[in-house]
Amino acid sequence: VTLNQGDADLTTTGAYTVNADSDANGTGAYTQSHVGSAVSAGAVSITAADLVLTGTIGSGSGDVLLIPSTDAATIGVGDATKNFSVSNAEIGRITTTGTLTIGAATNTGGITVGTAEAIDAVSNNLELITKGTLVVNALRGITTTGVLKLTADAMTLGGGTLSGANVILRPATAAATIGVED
């Protein structure tokens with residue numbers, strides 16, 4: 001799915017749902033390649049093999065979900081080497097007073113944060129979610145003035161900054177336990 005012209009703006013007061021990889025073969029990307037393209041909606045859900053966001057997404061108070069199209073996909077937040085990657089610049093183009101969620105509770109490929117760049121989600125409430133391992137790079141981290149929620153069955157917090165109005169660490173599976181050491 002590609003929005004690539006200045007007149008490709010999309011405005012709706014309802015939900016905006018896109019599945020760019022409906023056959024889940026790992027090749028369908030979602031692209032907003034024109035800086036002026038915008039999605040304004042109540043809630044936004046984008047499922048794709050990868051995401052290229054040069055335009056903006058504004059959902060008001062609705063949540064924004066960015067979901068890899070296959071459960072085994074690796075997710076990179078500030079790490080373009082993963083199957084489904086979201087850069088700091090792309091996060092900066094998303095505004096919501098709801099929650100920006102990257103990943104899914106069914107994802108087993110894990111999430112790697114901050115390999116190439118630190119993440120500043122500005123004021124967005126941000127949740128990263130995977131049943132796999134969530135790794136935060138030792139030299140970089142995640143900052144927001146909103147709520148930061150990390151949901152995974154295993155976490156490696158390598159010393160990078162975790163900063164938010166509230167920082168919540170929780171398991172993706174109810175039976176899992178998250179241990180904290182200093």
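Analyst: Strands here are DSSP runs of E with at least two residues, and helices are runs of H or I with at least four residues, both numbered from the N terminus. The model is predicted, and local features need pLDDT of at least 70, side-chain atom pairs count only at pLDDT 80 or more, while totals for chains, interfaces and linings use all residues. Residues are numbered from 1 along each chain as its sequence is written, and side-chain values use heavy atoms, with hydrogens and water left out.

Of its 5 residues, 4 are buried, so β16 is largely enclosed by the rest of the structure. Buried means under 20% relative accessible area, exposed means over 50%, and partly exposed is in between, with a 1.4 Å probe and protein chains only.

Strand β16 has parallel partners. Strand β13 (residues 99-103) runs parallel to β16 and is joined to it by 5 bridges. Within that pairing, Ile102 has Leu128 as its bridge partner in β16. Strand β19 (residues 147-151) also runs parallel to β16, and 4 bridges join them. There, Leu126 stands opposite Leu148 of β19. Two strands count as paired if DSSP finds at least two bridges between them.

Leu128 also belongs to the largest nonpolar core, which holds 35 residues. Such a core is a set of buried Ala, Val, Leu, Ile, Met, Phe, Trp, Tyr and Cys residues joined through side-chain atoms within 4.5 Å. Tyr30, Leu66, Val77, Ile102 and Leu128 are the members that touch the most other members. The strand that gives the most to this core is β6 (residues 44-48), with 3 residues. With neighbours within four places in sequence set aside, Leu128 is in contact with Val77, Ile102, Ile111, Val113, Leu134, Ile142, Lys149, Leu150 and Thr151. Contact means heavy atoms within 4.5 Å.

The term stands for a side-chain nitrogen of Lys or Arg within 4 Å of a carboxyl oxygen of Asp or Glu. Glu127 is buried, at a relative accessible area of 8%, whereas Arg170 is partly exposed, at 33%.

Strand β22 also holds Leu169, which is partly exposed at 32% relative accessibility. Leu169, Leu157 and Val167 make a nonpolar surface patch of about 210 Å². Patches are built from residues with over 30% relative accessible area and no salt bridge; like charges are joined within 9 Å, and nonpolar side chains (Val, Leu, Ile, Met, Phe, Trp, Tyr) within 5 Å. Accessible areas come from the Shrake-Rupley method with a 1.4 Å probe, and for residues only the protein chains shown count as cover.

Val122 has a positive phi near 55 degrees and is a residue other than glycine. A positive phi of about 55 degrees is also found at Ala24, again not a glycine. Ala24 sits in the loop between β3 (16-19) and β4 (29-32) and is partly exposed, at a relative accessible area of 39%.

Strand β15 has its own sheet, an open one of 3 strands in the order β15-β18-β21 with parallel pairing. Its edge strands, β15 and β21 (162-163), each pair on one side only. Strand β18 (residues 142-143) pairs with β15 in the parallel sense over 2 bridges. In this pair, Ile119 has Ile142 of β18 as its bridge partner. Ile142 is also one of the residues in contact with Leu128, the residue of β16 that is bridged to Ile102.

Elsewhere in the model, an open sheet of 4 strands has the order β2-β5-β8-β12, with parallel pairing. Its edge strands are β2 (10-11) and β12 (94-95), each pairing on one side only. Strands β5 (residues 38-40) and β8 (residues 56-58) run parallel and are joined by 3 bridges, with Ser40 standing opposite Gly58 of β8.
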